[in-house]
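Hello,

Here is the structure I promised to pass on. Please have it open while you read the notes below.

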Amino acid sequence: VQLQASGGGLVETGNSLRLSCAVSGRTFSNYHIYWIRQAPGKEREFVAVISRRIGSTLYADSVRGRFTISRDSAGNTVYLQMNSLKPEDTAVYYCAASPSYSSVVSNYDYWGQGTQVTVSS
């Protein structure tokens, strides 16, 4: 499975940004897709996940109600719509894939490169 994240940038507090994760590979449909972020000096943390079959979603408490994870009909692209952004959302955002449905970041098998999101105050 190959993943490529894009869409990061610099935005002001309260604004929105949409990240994209292009997913490819012969068996990518067997994997749940995750968004994870890592702020400077902090460990990577789970942000959201969309399940491989029925598309159920799960969010970290810190982003629930502001962020929305979704995918296109073919499942080739997974999005993270980020609204009401705060300075504490500043981080490198990664997408990852795993056959396990879990918020434990260390369990994820495949990772894309990160995309930087910076929220100015």
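Leaving aside residues up to four places away in sequence, D89 touches R37, R66, F67, S84, V117 and V119. Keep in mind that this is a predicted model. Is D89 buried or exposed? D89 counts as buried, because its relative accessibility is 0% and the cut-off for buried is under 20%.

Next, the aromatic rings. The whole structure holds five aromatic pairs. One of them is Y94 with W111, an edge-to-face pair. Their centres are 5.9 Å apart, with 75° between the planes. This pair links distant parts of the chain. Y94 is in strand β9 and W111 is in strand β10 (residues 110–111), 17 residues apart.

How accessible are these two residues? Y94 has a relative accessible area of 14% and is buried. W111 is at 28%, so W111 is partly exposed.

W111 also pairs with Y108. Here the ring centres are 6.1 Å apart and the planes meet at 40°, so this pair is tilted. Y108 is buried, at 6% relative accessibility.

Which residues do the ring pairs link into a cluster? They are Y34, F46, Y94, Y108 and W111.

Last, have a look at R44. R44 lies over the face of Y94, 4.3 Å from the ring centre. The charged end of R44 also sits over the ring of W111, at 4.5 Å from its centre.

Best wishes

Definitions and conventions. Residues numbered from 1 in each chain as written. Predicted model: local features only at pLDDT ≥ 70, side-chain atom pairs only at ≥ 80, totals over all residues. Heavy atoms only, no water. Buried < 20%, exposed > 50% of the residue type's maximum accessible area, 1.4 Å probe, protein only. Contact = heavy atoms within 4.5 Å. Phe/Tyr/Trp six-rings, centres within 6.5 Å; stacked < 30°, edge-to-face > 60°. Helix = DSSP H or I, 4+ residues; strand = E, 2+ residues; numbered from the N terminus. Lys NZ or Arg CZ within 6 Å of the ring centre and 35° of its normal.
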